[in-house]
Amino acid sequence: MNPNSPILGIDLGTTNSLVGVVDSGFPILLADENGSRSTPSAVCIAEDGTITVGAVALRQRALHPTRTITSVKRLIGRRPGEGGWVPPYVLSDLQTTPVEVSAEILKHLKAVAERALEQSVSQAVITVPAYFNDAQRNATKRAGELAGLEVVRILSEPTAAALAYGLDKLGEHQKVAVYDLGGGTFDISVLEMRDGAFQVLSTAGDTQLGGDDLDRMLAGFIAEKLNLSAKDIRVLEAAESVKKRLSVDEAASFDGLDITRAELEKIARPWIECTRLHCLRALSDANLKAEQLDEIILVGGSTRMPLVREYVRELFGREPNTSQNPDEAIALGATIQAGILSGSLRQVLLLDVTPLSLGIETFGGLMNIIIPRNTTIPAKAGEMFTNAVANQDSMLIRILQGERELAKDNWELGRIEVPFPPGPKGSARVGVQFSLDADGILNVLARDTATNQDTTLEISGTAIDVEDERVEQMIAESVDLAFEDMNERIWTEAKLKAEELLPAVDAALAQLGESVEVRACAAEVRRLLDLPEHDARALKAANQQLDDATQSLAVMLIERAMEESLARRGLV
Ligand code: AMP
């Protein structure tokens with residue numbers, strides 16, 4: 001598969017169809033020129049042979065009911081005469097087949113995608129219900145080919161939904177129920193995670209149960225109150241819109257008639273009850289009790305209804321996961337699968353982490369970690385550094401990878417030289433920032449904050465792609481040698497401190513006169529520094545004693561300075 005050519009994810013639904021693609025690492029659903037991401041699965045074939053698809057076709061239905069085809073998915077994959085089935089007159093009249101009609105919907109979705117992406121696409125992942133048999137799956141595939149699409153995968157709808165909900169991160173043998181109540185169909189599936197992939201354990205449902213039925217019941221209720229015909233398309237449309245509003249508001253009105261959510265729920269109760277037996281059946285076929293499920297996810301526009309959510313909660317005894325848009329979950333999952341197949345979603349799904357710490361060398365050859373190991377990428381972190389020596393005019397930054405305390409024991413990934421104006425020790429301010437992108441590319445930015453001058457370095461791959469054995473060896477060494485390493489770190493830090501203290505003490509003594517105690521402490525520090533063996537803790541303690549002993553020197557220095565100042569001004 002060509003990694004640069006996108007693969008579409010398509011939810012070819014009974015009522016609505018959607019198309020998506022992975023763009024810059026993110027799955028997105030594509031909108032048509034009217035900004036709509038959902039296309040009604042309707043096709044109208046005019047007398048002159050002109051074909052329209054989607055909302056336009058749906059509008060034609062009132063004018064040309066015999067030329068408009070909806071819910072073709074219910075017919076796909078069946079042959080005339082099979083199981084006593086005869087194709088609906090609309091298809092035979094129009095001399096077309098379910099595969100050809102589905103192909104028109106797919107062609108339309110392909111065009112929506114090509115317009116949005118400004119490039120041609122030739123491959124797709126298409127979802128089908130879990131219960132579709134081989135003939136139905138093949139028919140769907142053929143429809144794709146007729147539409148000019150190579151169908152790289154036929155994906156089960158519940159699996160797609162689970163992918164959209166991010167459930168591919170579930171552990172082995174965890175189980176999910178997917179409760180899918182759309183416009184025209186109800187599906188319940190139980191999935192189990194096995195070897196990192198979903199297995200459909202059982203599936204049940206009703207291909208003639210969905211939100212449309214509730215619309216008709218509500219239309220009957222409205223028509224009766226207003227003395228209208230329940231078949232009137234205007235009433236039917238109003239019923240759907242009132243129903244949707246009641247998912248959010250407690251009341252809605254149509255033609256002066258107020259309808260409350262409680263009234264809708266009274267009508268909807270027997271309708272939603274129809275899903276119970278299917279759910280119990282799916283659980284029993286999977287040999288499971290509701291308590292054994294790890295997640296229950298909601299799919300299909302009708303699961304936006306508070307009543308449906310409450311019903312599922314009661315039936316399964318657990319709060320359903322509603323974190324995704326239920327009417328977009330399948331398309332999103334198909335898109336994620338397409339992204340995995342095309343290679344464009346690798347990093348996002350694997351959630352790569354840094355196998356080893358990344359840092360830079362600091363004074364005395366120590367490792368200073370900037371991004372610790374096991375950090376999820378992308379990641380960004382930084383620190384400020386200064387010059388260790390007066391009049392330095394640049395700083396060499398060595399970029400290191402590894403877990404050892406000393407720079408020399410880690411691996412060098414690269415180095416950059418940062419120039420800055422010379423000045424006293426500690427006067428330079430260089431900010432070093434590491435940013436590791438989703439592809440594992442490490443960008444190092446060093447900025448002299450005085451001049452705002454940037455020095456950058458890009459290190460590809462090595463920050464993430466390290467052979468497992470090398471990572472293991474590095475970690476094992478860091479653990480085995482942890483004691484020695486830590487001793488070296490404390491030693492180095494103590495040595496830096498001693499090298500700072502000793503000249504300052506000598507200068508103070510020269511100014512204030514000798515102190516036996518201070519001399520003795522300084523001599524001890526010098527002795528420890530000269531020993532061939534590094535006794536880190538002893539040196540640290542000796543530094544501390546020297547520091548304490550010089551406290552009185554510091555006080556004397558200040559007093560002396562004040563006396564001199566007062567004397568200069570003739571005050572003593
Ligand atoms: P789908 O097949 O997933 O596109 O779902 C379509 C069905 O969901 C239709 O019956 C819609 O009326 C219904 N639906 C969409 N949004 C809502 C909503 N907010 N409340 C209730 N039903 C809705």
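A salt bridge is a side-chain nitrogen of Lys or Arg within 4 Å of a carboxyl oxygen of Asp or Glu. Keep that in mind as we walk through this predicted model, which holds 32 salt bridges.

Let's start with K244 and E240, whose side chains meet in a salt bridge with N to O at 3.5 Å. These two residues are separated by about one helical turn because they sit four residues apart in helix 7 (residues 233-245). K244 is exposed, at 51% relative accessibility, while E240 is partly exposed, at 32%.

Next, find helix 15. There, E524 and R527 lie three residues apart, about one turn of the helix, and they form a salt bridge whose closest N and O atoms are 3.1 Å apart. Another salt bridge joins R526 to D506, with 2.9 Å between the closest N and O atoms. This pair links distant parts of the chain: R526 belongs to helix 15 (residues 516-530) and D506 to helix 14 (residues 482-512). Salt bridges can also form a network, as they do among R404, K408, D409, E477 and D485.

Now look at the surface, where E467, D468, E469 and E472 gather in a patch of negative charge. D468 is found in helix 13 (residues 468-480) and is exposed, with a relative accessible area of 55%.

Finally, let's go inside. The largest nonpolar core has 69 residues, and Y179, I188, W271 and F316 have the most contacts within it. A second, separate core has 34 residues, including I76 and V90. Loops can hold buried residues too: L356, between helix 12 and strand 16, counts as buried because its relative accessibility is 0%.

Key: Residues numbered from 1 in each chain as written. Predicted model: local features only at pLDDT ≥ 70, side-chain atom pairs only at ≥ 80, totals over all residues. Heavy atoms only, no water. Patch = residues over 30% accessible without salt bridge, like charges linked within 9 Å, V, L, I, M, F, W, Y side chains within 5 Å. Areas by Shrake-Rupley, 256 points an atom, 1.4 Å probe, with all protein chains shown as cover. Lys, Arg positive; Asp, Glu negative; His and termini not counted. Charge placed at Lys NZ, Arg CZ, Asp CG, Glu CD. Buried < 20%, exposed > 50% of the residue type's maximum accessible area, 1.4 Å probe, protein only. Core = buried A, V, L, I, M, F, W, Y, C linked by side-chain atoms within 4.5 Å.
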